[in-house]
Structures are given as C-alpha cells and as structure tokens.
Amino acid sequence: MSEDFYDVLGVSRDASEDEINKAFRKKAAKYHPDVSDEPDAEEKFKKAKKAKEVLTDEQQRAAYDRMGHDRFEQAEKRGGFDGGAGGAGGFGGGDPFGGAGGGGGLGDIFEQFFGGGGGGGRRQGADLQTRLSVTLEEVYDGVEKQMTINRPERCEACDGAGGTNPQTCPECNGRGQVTQVQQTPFGRMQQTQACPNCRGDGQVYEESCKDCRGEGQVTRETTLSVEIPEGIRDGQTLRMEREGAPGERGGPNGDLLIEIRVEDHPDFERDGDDLRYRKAISFPQAVFGDTVEVPTMEGTVEMDVPGGTQSGERFRLEGKGMPRLRRRGQGDLYVSIQVVTPEELNEEQREALEAFAEAGGEEIEVEQGFFERIKSSL
C-alpha cells in the first residue's frame, strides 16, 4: 500500500493550502537532491512534490479524499482527472487491451468512449521559463531582486472568456457537454464529452474580445520580486509557484521557472562551495616568507606565507568560501601562490642576485611533483 499524501507531508486531513505549502517547503529543504546527501532523498522529494500538487488542487483533492490513495493512483494511471466523462474511471492513460493505434482495435474503442480527453474542466496554466543573472556577491549574501518579464495574463476586459455578450450554447443547451451514442461489439455505448462548440463553457459569444482577440489572454510586462538564496549555484532553477501562464476556465496559474546564471568574478573562481584565488608574491617573499593580504567575500584577511614557498603551492583558508545552499557552514578559499620573476633590476638588485648565483644559488633541485603543482595552479 502506497503512503498517504497527508502522511507524506505530515499534515492533517483538514489542513489549509498554506499549511500544505509550508509543509512541502520543509520537506524540500530537507530532501531536495541539490541539498540532501540521503540515498533516498530524490524519491522522498518526488513524493512530497506529488502530494503537494494534488492536495493544493481543489478538484484533485476532493477526488483524493473521496476515493482514497490507492484508488486515486489507479485512476490517474488510467487517464487522470482533467475533465471529460472518463474522469477517474477513464482509460485515457494508455491502451489496456493492447490496441495498435491504427483504428478499430478494442483499445481504440475504450479510448474513444472512456478516454480522459474531454477538456471541459479547470486546467492549470503552462509553466514559463526565464533566466536571471546574479553576481557572486549577491549569491554570497542572498538578495531579493526585481526582474521584469513579458508573460501571458488573463484578459481583464473579458475576464479570460475571450468574448462579449455571452449566449447559451445552442449545441449543448448550456450544459457544456454533449452525449454521443455508438454501436460497438459490446453493444450500444454512450460517451459524454466537452461540447466542441463552446469548449465546455456552456456559453458562446457574439463578438470576440477586442483586447485579447478571443484568446482570453494578453501579454503584459510584469515586475516580480525574486528571493535569491545564499549559496545557489550557476544553472540551478528557482520555482515561483502560480507565477506562470493563467489556467483555463478558472484553473490555477502555472509556475515560473527561473534559471540562475552566476556571473564570473574578476578575482575568484568558484568550485562548488569553494573559491579559488591566485596570489602573486615576489621572489624575496617566497624565499624568506611573509604575511600577505588576501581578499575574501567578507573583506581582506592576512595569510602567512612560509619561507621557501614555491609557485603553485596552495593554501586553504577554512570557511572563507561560499555558503552551502540551505545547509549550515561554508566552503573554503584556496589560495594558489604565483612567484613573480622581476623583469627589470636596478644595479643594486643585480649585484645582489649575482652574488647569490656565485654562492651557488643557480643550482636548483626540483622536488618530485613540482611541475604538477604548477600545472594545477594554471
């Protein structure tokens, strides 16, 4: 027996939509594949998402409460709940009798009479997709950004109807459905489906709406506030519920999916939750050691460079990287050292370097792995 949707989210059977959404957000923060290390996190997240989708849809929730979990899932597999006489009992999800799809098979007959394609009910609008560029600093601190998009919205002039001066549909007499009877090998079968003339509305319009030209939707420029969470990575997607295209016949809006693009930073290179930085030091600093200043996302810090440091050596500043998305702690900052050879020397510097060479400084012993460290720092 599958797990009940209310139990999946941990809410009561009379929970409000706000309570359900809040419970889902908690589950998502715990089990989302991008933030959870649990082996079954992805499956738990999918279950929570499915539970939220069903329980926040008025019609689906009513059907779920009436039928129970197992019968609801079986009905979904046979065709779903998006309108049509087949409804929960339809076979629209597939061909249970193995019809070939070319016409005339038993599966085709049942598909025709019980398929869930009537289309007369409320339907959720389409999801929309867009992109939003953010800086590394914005990702580090988290920020609320304003973004402007062009999206379809319900026409206010006709309230999404698509026309003016509504009249009772002469095809279905205002019922929104028509019934057809056909003789089959199983006898006379009756099919009720959405009226094709009024598309299930029960009304037709004398004139198309001038604002939307009969579409029921118009495209408008809209400004939205988007919460950018700390630590989000390039390419990840944020979902803004009910900010997508409007639904049909009073159905809920779809969602808006925002792909995040994190801009390149002039100083840091990001590697997951870690940051990488190249620090140039002089030859004397490398030889004798020194305390140098290193930038971080929170300001400049001091770092000790020991004497004898070679180009390509890397030092770790713990906890100076990026925040971990929806988790505690931060990544690290890795500082790669680049020893800079002077291009020009004054007379005093030249004499000192020549004295160093005469003292044997020109003899160099290269440690194993030196060149590998150089390559890894490039």
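Tutor: In this predicted model, strand S1 and strand S9 (residues 256–262) are joined by seven bridges and pair in the parallel sense. Within this pair, Thr130 has Ile258 of S9 standing opposite. Strands of a sheet pair through backbone hydrogen bonds, and the pairing may be parallel or antiparallel.

The pair belongs to an open sheet of three strands, whose order is S1-S9-S8 and whose pairing is mixed. Strand S1 (128–134) and strand S8 (237–240) stand at the edges of this sheet. Each of these two has a single partner strand, so one side of S1 and one side of S8 are left without a neighbour in the sheet. From one strand to the next, the twist averages 30 degrees.

Strand S14 and strand S15 (residues 333–340) run antiparallel and are joined by four bridges. In that pairing, Leu317 stands opposite Leu333 of S15.

Another strand, S2 (residues 143–154), includes Arg154. With a relative accessible area of 29%, Arg154 is partly exposed. Although Arg154 and Gln217 are 63 residues apart in sequence, their C-alpha atoms are 4.6 Å apart in space.

For helix H3 (residues 41–55) and helix H4 (residues 58–67), the axes come within 6 Å and cross at roughly 105 degrees. H3 is therefore roughly perpendicular to H4. On the side of H3, the contact is made by Glu53, Val54 and Leu55, while H4 contributes Gln60, Arg61 and Tyr64. Sorted by class, this contact of H3 with H4 comprises three nonpolar, one polar and two charged residues.

The cysteines also deserve attention. A disulfide is a covalent bond between the sulfur atoms of two cysteines. The structure holds zero disulfides. Cys172 takes part in none, and the nearest cysteine sulfur, belonging to Cys198, is 3.7 Å away. Cys172 is buried, its relative accessible area being 0%. For Cys195, the closest cysteine sulfur is likewise in Cys198; the distance is 3.8 Å, which is too far for a bond, because a disulfide requires the two sulfur atoms to lie within 2.5 Å. Cys195 also counts as buried, at 1% relative accessibility.

The chain has ten helices and 15 strands. It comprises 378 residues, of which 36% count as buried. Among contacts in the chain with a separation of 6 or more, 62% are between residues 24 or more positions apart.

Methods
Residues are numbered from 1 along each chain as its sequence is written. This is a predicted model: local features need pLDDT of at least 70, side-chain atom pairs count only at pLDDT 80 or more; totals for chains, interfaces and linings use all residues. Side-chain values use heavy atoms; hydrogens and water are left out. Buried means under 20% relative accessible area, exposed over 50%, partly exposed in between (1.4 Å probe, protein chains only). Two strands pair if DSSP finds at least two bridges between them. Axes are lines fitted to C-alpha atoms, for helices over the stretch in contact, and angles run from 0 to 180 degrees between N-to-C directions. Angles under 35 degrees count as roughly parallel, over 145 as roughly antiparallel, 65 to 115 as roughly perpendicular and the rest as oblique. Contact means heavy atoms within 4.5 Å. Ala, Val, Leu, Ile, Met, Phe, Trp, Tyr, Cys and Pro count as nonpolar, Asp, Glu, Lys and Arg as charged, and the others, Gly among them, as polar.
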